[in-house]
Amino acid sequence: MGTTTDTQPTTVHVADSHDRIRVHGARENNLRDVTVELPKRRLTVFTGVSGSGKSSLVFNTIAAESQRMINETYSAFVQGFMPTQARPDVDVLDGLTTAIIVDQQRMGADPRSTVGTATDANAMLRILFSRLGQPHIGSSQAFSFNVASISGAGAVTLERAGQTVKERREFSITGGMCPRCEGRGSVNDIDLTQLYDDTKSLNGGALTIPGYTMDGWYGRIFSGVGFFDPDKPINRFTKKELHDLLHKEPTKVKIEGINLTYEGLIPKLQKSILSKDVDALQPHIRAFVERAVTFTTCPDCGGTRLNEVARSSKIGGASIADVCAMQISDLAGWVRTLHEPSVAPLLQTLQGTLDSFVEIGLGYLSLDRPSGTLSGGEAQRTKMIRHLGSSLTDVTYVFDEPTVGLHPHDIQRMNGLLLRLRDKGNTVLVVEHKPETIAIADHVVDLGPGAGTAGGTVCFEGTVEELRASGTVTGRHLGDRARIRPTVRTPTGTLPIRGATAHNLRDVDVDVPLGVLVVVTGVAGSGKSSLVHGSIPAGAGVVSVDQGAIRGSRRSNPATYTGLLEPIRKAFAKANGVKPALFSANSEGACPTCNGAGVIYTDLAMMAGVATRCEECEGKRFQAAVLEYHLGGKDISEVLAMSVTEAERFFGAGEARTPAAHAVLVRLADVGLGYVSLGQPLTTLSGGERQRLKLATHMGEKGGVYVLDEPTAGLHLADVEQLLGLLDRLVESGKSVIVVEHHQAVMAHADWIIDLGPGAGHDGGRVVFEGTPADLVAGRSTLTGQHLAAYVGG
């Protein structure tokens, strides 16, 4: 007995032995039987080149299974309303805790969604004004720009004491919505000359709106409605005929024996196209909207979205529109001045939310900022706000590159927040590329060694010191420091920007050198994007690659997204003497059983749907007859299965030589996507791969000035080197490259730096430095200069 006590001085309770998250045999996407054990209540960082399988392991396996198991605790009725998730492809997942995912998905770009509505700060302010505002105008919905004021009256039928009684009732709802712009803050003016050519008749092709052709349904309606003559030129229409064509209210009509509703072109466009977010439209429809519609601030509400009654109620001389327009750091100060015991709990919660904004580095935003205009990094940090003051512990927080869009100065603050979440007893899992954040990890998992099919294995597990000593790609590059460019290129001209005042810019005058690599930098919120996207005219010769997400379904792939499939289909059609449409899995050549999807989906209501490979086409997506047509000895499904590198050789020479396809493939290889297969669904690409796919697509556009917004987002240290080589090649080919960037390696590589600041929001908006990187390091006069000097060891 004595010897047993000596060997086990303390008895560990069995409940305390579950201190690891165990993953065995994970095979999601490109993972190859990955097995890891992650310590709980520690900060674990996942590293590896872009496309190595980090997100597949963290988000698609660990976090997805945790969320799926929590959803299964609800009743089948509740699960029917929730998104269904399939069980990840993994043998064992053990020791999971509740996962809270804070990803980089852009926030909904609904025109009515703002920073305030997305974070519940507006809901609290509405209650505050409904209780304290003078004069008192009604409940909290009287201050909501999503609720319209309506009233009505009429007879209602009631059963009372066995008798049917009719009574007159009246009702009214007081909402805050501005009736002119319907709570959007802007009104649109339509340029009629862009809707039709008035020298032509409708049958003669007068309409220039996408999709409105006379040989479709619209043509049958216009021909048969009888309100105007479709063969008469529009400039000869009477006043009534023109009104019926453009503004007619919905009217029931009978055309060719079918009951239909006819309405004028303008109300129809307002409902179908103009009610949607412009960025979410298809490219040709977006081009039409940008050409035909001008959006101006609503004259009735001044862009506040609220009606006059809502703006009349004030607390201390400020209306709800005034406080929502304040910078959040100023608003937090305003809330502190309110001392009212009747709403003390509300003030305390609101104060905590606003302080979280400031603490996380978003104090420069205002609550009325549309949420669709936030960058990926800003959206992610906005989502973090609700978790900062949380009392929950033993939760797994999962972050996707929380440092995206952050200046090195702000990264230190973000690191502090991650450590604070860990120190409360939570497990923090972070997918990250920045060495500053990798350095604070308790545990590092490095995936690789390459990307796509060359990745998906664990190359290293251990501490940061052990990672530095390891021979992995991440270990070798962790200590990399780009050197300041010894000689800078000479500009070929300048692009003058005068009196720029977009957002927080303060009448900025700056000359942007052309023919060189220019980096625009500064802390988050200092006005970089406002200067570059808001002041450089996006007209002729300017190719702009912003941070907008790539939109695509599981039917989209690199070949369809880049326009590569078009020349390939034509080459196949020409070689075989058939129609190009046969070589599209979304058109005539699609397998009839699976409609060209390659898999058959079975919906199981509240349980996850099951996808099984189509037996007819064996997952190839095409009809058997189509696969008999060959080009250079390959059928279309074999071409789509090729990697970019293989396809570049295939279409570059020999029988399959196709210059148009080869040019696109060269650009894809240039941005480092040589390993991606042409037919890989876009939904399986990582964030960094999507960013580079977008860059490759835009490189094909004709232009002399390239404007890139944070091209290093989602890129590993090793990939950044390749990107710098690409930027150099663009400059050497005679292009001007302007990059909005925080990465010190890109700053050090620049020919010219424009530094904005000194702070964020109304503390920024000024140019604090213009010159070469060497001068910036030597002066150390700005935050950027200090961090760049520390980075290059200057």
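Residues are numbered from 1 along each chain as its sequence is written, and side-chain values use heavy atoms, with hydrogens and water left out. Because the model is predicted, local features need pLDDT of at least 70 and side-chain atom pairs count only at pLDDT 80 or more, while totals for chains, interfaces and linings use all residues.

Helices (H or I, at least four residues) and strands (E, at least two) are DSSP runs, numbered from the N terminus. Two packed helices are described by the angle between their axes and the distance between the axes. Axes here are lines fitted to C-alpha atoms, for helices over the stretch in contact, and angles run from 0 to 180 degrees between N-to-C directions.

Helix α5 (residues 121-132) packs on helix α13 (residues 344-359) at about 150 degrees, the axes being 10 Å apart. The pair is therefore roughly antiparallel; the classes are roughly parallel under 35 degrees, roughly antiparallel over 145, roughly perpendicular from 65 to 115, and oblique for the rest. From α5, the residues A121, M124, L125, I127 and L128 meet L346, L347, T349, L350 and T353 of α13, where contact means heavy atoms within 4.5 Å. By class, eight of the residues in this contact are nonpolar, two are polar and none is charged. Ala, Val, Leu, Ile, Met, Phe, Trp, Tyr, Cys and Pro count as nonpolar, Asp, Glu, Lys and Arg as charged, and the others, Gly among them, as polar.

For helix α24 (residues 659-670) and helix α25 (residues 687-699), the axes come within 9 Å and cross at roughly 140 degrees. That angle makes α24 oblique to α25. R667, L668 and D670 in α24 meet L693, A696 and M699 in α25, a contact with four nonpolar, no polar and two charged residues.

Helix α29 (residues 783-792) has T784, G785, H787, L788, A789 and Y791 as its buried residues, buried meaning under 20% relative accessible area, exposed over 50% and partly exposed in between (1.4 Å probe, protein chains only). These buried residues pack against α15 (408-423), β20 (517-521), α27 (744-749), β26 (752-757) and α28 (773-779). After α29 comes G793, with a positive phi near 70 degrees.

N30 is in the loop between β1 (20-26) and β2 (34-39). Its relative accessibility is 17%, so N30 counts as buried. The N30 side chain reaches the backbone oxygen of G452 at 2.9 Å. At 47% relative accessibility, D33 counts as partly exposed.

A318 belongs to strand β13 (residues 318-319) and is buried at 9% relative accessible area. Although A318 and G133 are 185 residues apart along the chain, their C-alpha atoms are separated by 9.3 Å.

Most residues other than glycine have a negative phi, and most peptide bonds are trans. The bond from G448 to P449 is cis, with omega near 0 degrees, and P449 sits in the loop between β16 (443-448) and β17 (457-462). The bond from G757 to P758 is cis, with omega near 0 degrees.

Notes:
A polar contact is a pair of N or O atoms within 3.5 Å; within protein, one must be able to donate a hydrogen and the other to accept it, and residues adjacent in sequence count only if both atoms are side-chain atoms.
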